[in-house]
Each structure stands twice: as structure tokens, then as C-alpha cells.
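Hi everyone, thanks for coming. Today I'd like to walk you through one protein chain, step by step, so please have the picture open as we go.

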Amino acid sequence: MKFINIGFGNMVAADRVVAIANPDSAPIKRLIQDSKDDGRAVDVTCGRRTRAVIITDSEHVILSAIQAETIANRLDNSELDDEDEEEEE
């Protein structure tokens, strides 16, 4: 299982990530509020501004202070590492 650093030493399982979004749009803001109301929100921003919203397959919403593009690049790099390991076998 591969993990991706989402800031401040926090990790998320790469295979559980469904979507990474910017928190600026109204639908994402509603999603964040709904998940907070339901207890499904995980805030790992350490008091900083939310710059990425990670949605998992268990419908948890993770708020991160790292840019969405940076997290997406880390996710892509972890997938490339998996392919390299499969070729070596």
C-alpha cells in the first residue's frame, strides 16, 4: 500500500483517493460543510488556509494546506513507482 504525504507529516493511502479538488467552488464548499456536519471531515491544515480537498472512497473529506496540483503530482509519482516495481519483477 502506497501513502502520499498531504502536508505536516500526514499521509493518505493512494489507492483510496477518488478526487482532489480546489476548495474555491460553491459545490466543494457545500461538500466540506456537509462532511463537517456528518463527522466525515478530516482537517490536516494545522490552522492554515485550505488549498486542497481530498475525497476518499469511504466518503471522507480531507482538507489539506498543500496545493491540489502538488498532491496530484505526488499521486502520479507513486503510480509511476508502482509500474517500475512491476517491470523489475
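Let's start at one residue, T56. With a relative accessible area of 8%, T56 is buried, because buried means under 20%. You'll find T56 in strand β5. Please keep in mind that what we're looking at is a predicted model.

Who are the partners of T56? Setting aside the residues within four places in sequence, T56 is in contact with R16, V18 and I62. There is also a polar contact of 3.1 Å between the side chains of T56 and S58.

Side chains of opposite charge can pair when their charged atoms come close. How many salt bridges does the structure hold? The count is 2. In one of them, the side chains of R16 and D57 meet, at 2.6 Å from N to O. D57 sits in the loop between β5 and β6, while R16 sits in the loop between β2 and β3, so this pair ties together parts that are 41 residues apart in sequence. Both ends are partly exposed: D57 has a relative accessibility of 44%, and R16 has 38%.

There is also a salt bridge between the side chains of D38 and R40, at 3.3 Å from N to O. D38 counts as exposed, at 53% relative accessibility.

Now let's step back and look at the whole chain. It has 2 helices and 6 strands. If you trace it from the N terminus, the order of elements is β-β-β-α-β-β-β-α. The C-alpha atoms fill a box of roughly 45 × 25 × 20 Å along the principal axes. There are 89 residues in the chain, and 30% of them count as buried.

How does the chain fold back on itself? Take the contacts with a separation of 6 or more: residues 24 or more positions apart account for 50% of them.

Let's go inside. Which residues form the largest nonpolar core? This core has 12 residues: I4, I6, V12, A14, V17, V44, A52, I54, I62, A68, I71 and L75. At least two residues come from each of β1, β5 and α2. The most come from α2, which gives 3 residues. Apart from this core there is another one, of 6 residues, including A21, I28, V53 and V61.

Not counting residues up to four places away in sequence, I54 touches I6, V17, A19, H60, V61, I62 and I71.

Next, please find S64, in strand β6, which covers residues 61-64. Is S64 buried or exposed? Its relative accessible area is 0%, so S64 is buried. The side chain of S64 reaches the backbone nitrogen of I66 at 3.1 Å. Beyond the residues up to four places away, S64 touches I6, V44, T45, R49, T50, R51, A52 and I71.

R51 also lets us compare sequence with space. R51 and E79 are 28 residues apart in sequence, and their C-alpha atoms are 23 Å apart. E79 belongs to helix α2, residues 68-88, and it is partly exposed at 43% relative accessibility.

Now for the backbone. Most residues other than glycine have a negative phi. F8 has a positive phi, near 55 degrees, and F8 is not a glycine. F8 is in the loop between β1 and β2, and with a relative accessible area of 42% it is partly exposed. E59 also has a positive phi, of about 65 degrees, without being a glycine. Its place is the loop between β5 and β6, and at 52% relative accessibility E59 counts as exposed.

M11 lies in strand β2.

To recap with the residue we began with: T56 is buried in this model, and its contacts include R16, whose side chain meets that of D57 in a salt bridge.

Terms used: Residues are numbered from 1 along each chain as its sequence is written. This is a predicted model: local features need pLDDT of at least 70, side-chain atom pairs count only at pLDDT 80 or more; totals for chains, interfaces and linings use all residues. Side-chain values use heavy atoms; hydrogens and water are left out. Helices (H or I, at least four residues) and strands (E, at least two) are DSSP runs, numbered from the N terminus. Buried means under 20% relative accessible area, exposed over 50%, partly exposed in between (1.4 Å probe, protein chains only). A polar contact is a pair of N or O atoms within 3.5 Å; within protein, one must be able to donate a hydrogen and the other to accept it, and residues adjacent in sequence count only if both atoms are side-chain atoms. Contact means heavy atoms within 4.5 Å. A salt bridge is a side-chain nitrogen of Lys or Arg within 4 Å of a carboxyl oxygen of Asp or Glu. A nonpolar core is a set of buried Ala, Val, Leu, Ile, Met, Phe, Trp, Tyr and Cys residues joined through side-chain atoms within 4.5 Å.
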